[in-house]
Structures are given as structure tokens and as C-alpha cells.
Amino acid sequence: MFKRAINGFITTCKGLALTVRHLFASTEKREVIHVSDDNYFKQLDHGTNTIQYPKQSLPVPEVGRYQLDVEIDDCIVCDLCAKICPVDCITIESIKSTEPGGIGQTSDGTTKRLYAAQFDIDMAKCMYCGLCTIVCPTECIIMTNTYDKTVFELNHLVYEFSDMSAEEAAEKRALLEKQQAEKQAAKLAAMNKKEEGK
Ligand code: SF4
Ligand code: SF4
């Protein structure tokens, strides 16, 4: 019993010593240093490991994968990103332009021929593989260094990048349908004329 009491006393002292050590160590604030710094992990050995977020924030690695962003003006709506996405979290609806010369150019000079009536990315489903950013021919879909995009509703994680209104999209669809109907009618008329000439 005497031995147990001694052991209990020693254990209590050890526990208290640990508590006191952490109590004083916690007054040392963690410095915000870059992850590539040699001291990045050494600094975790002492002091508090928390920082004064959001006043302070930790730098993120250059190759880090966080929230996606799309520069829609540079998107040619080729759908490659949606096709390669392993979890189908990119939804694109394209509308072909009726303008023969296209609807403009991207910043790298590629001619745009399709409107993006819908360009949604569901970040709640995204697995941050980065494949969409690799296949994009105009490099307009990128991983940003934004990691603290908190939302209260899950559906708010569906980011909408299309800059077309529903009315504009309906107008473009109607124009395309009209053009296609006219082409079809002209084709039929040409075929009928050919038949009559036989
Ligand atoms: S990062 Fe991967 S999972 Fe996320 S949208 Fe791009 S391809 Fe899909
Ligand atoms: S791969 Fe790039 S250009 Fe093609 S639809 Fe996706 S974001 Fe737009």
C-alpha cells in the first residue's frame, strides 16, 4: 500500500509538471511561416499550435488544391473538364452560336463558338483530383488557394460560373433551333428539286 501511494504521488507530480510546462509554453504564439521553411515542423514542438485565425492564416503550398475557379470569358465550353471528372461534379450546358465567325476570342486567341448556358461545379462532391485543370485547353479552370469557404447550406457549394441569364439562354436556343430548321428546310428543298430533275 505504501508503494502504491508513492507511485500515485510520483504520477501526480509528473502529470502536474506536464500541465505546468504546457501552461507556460502556451504563452508562446505560433509564428506564421511558410510550409517550405525548414523550421515549419520544428516550431510545432513547443508553444500553441493554433494561430489567431482569421486574423492570421497559414500560407498554403503553391501546388495545393483548394476551391476551383473558372474564368468563364476564357472558356470555350468544350466539356472536357466535365467528361474527365471522376465524380461528375461539373455540369455544363452548351448552346452553339449562330454567328458564323464565333462569339469572340479567349485571352489566348482561341475562337469561342459555344455559349455556356450552365457551368456549375458541385464542390461538395469534388475530390480535388485536379484532372479538370489539366485537360482544359485554355487553362481557364484553376485550383485557387482559397480553403476557407464555409457555407451553411450544402447546395451553396454548387458554384455557378455561367454569366448567361435564363432569358439570354432561351433566346440563343430559339435562334439555334430557327437556324437548324431553316437549314433542314433548305436541304429538303434541294433534295426535292433533285428528285424532280430526274
Ligand atoms: S478537381 Fe477532380 S473531382 Fe474536382 S471537379 Fe475537377 S475533375 Fe472533378
Ligand atoms: S475544359 Fe476548360 S475550356 Fe473546356 S469547358 Fe472546361 S473550363 Fe471550359
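This is a predicted model: local features need pLDDT of at least 70, side-chain atom pairs count only at pLDDT 80 or more; totals for chains, interfaces and linings use all residues.
User: Why is Ser97 called buried?

Analyst: Ser97 has a relative accessible area of 7%, and buried means under 20%, exposed over 50% and partly exposed in between, using a 1.4 Å probe and protein chains only. So Ser97 counts as buried. As for bookkeeping, residues are numbered from 1 along each chain as its sequence is written, chains are lettered from A and ligands numbered from 1 in the order written, and side-chain values use heavy atoms, with hydrogens and water left out.

User: Where does Ser97 sit, and what is in contact with Ser97?

Analyst: Ser97 is in the loop between strand E2 (90-96) and strand E3 (104-105); strands (E, at least two residues) and helices (H or I, at least four) are DSSP runs numbered from the N terminus. Neighbours within four places in sequence aside, Ser97 touches Ile103, Arg113, Leu114 and Tyr115, where contact means heavy atoms within 4.5 Å.

User: What makes Asp79 and Lys83 a salt bridge?

Analyst: The N to O distance is 3.7 Å, and the cut-off asks for a side-chain nitrogen of Lys or Arg within 4 Å of a carboxyl oxygen of Asp or Glu. So the pair qualifies as a salt bridge. Asp79 is partly exposed at 24%, while Lys83 is exposed at 62%.

User: How many salt bridges turn up in the whole structure?

Analyst: Three. Among them is Arg173 with Glu93, whose closest N and O atoms are 3.0 Å apart. Arg173 lies in helix H4 (residues 166-197) and Glu93 in strand E2, so this pair ties together parts 80 residues apart in sequence.

User: How do you know which residues surround ligand 1?

Analyst: A residue is near a molecule if one of its heavy atoms lies within 4 Å of it. That gives 13 residues around ligand 1, the closest being Cys85, Cys126, Cys129, Gly130 and Cys132.

User: What classes make up that shell around ligand 1?

Analyst: There are 12 nonpolar, one polar and no charged residues. Ala, Val, Leu, Ile, Met, Phe, Trp, Tyr, Cys and Pro count as nonpolar, Asp, Glu, Lys and Arg as charged, and the others, Gly among them, as polar.
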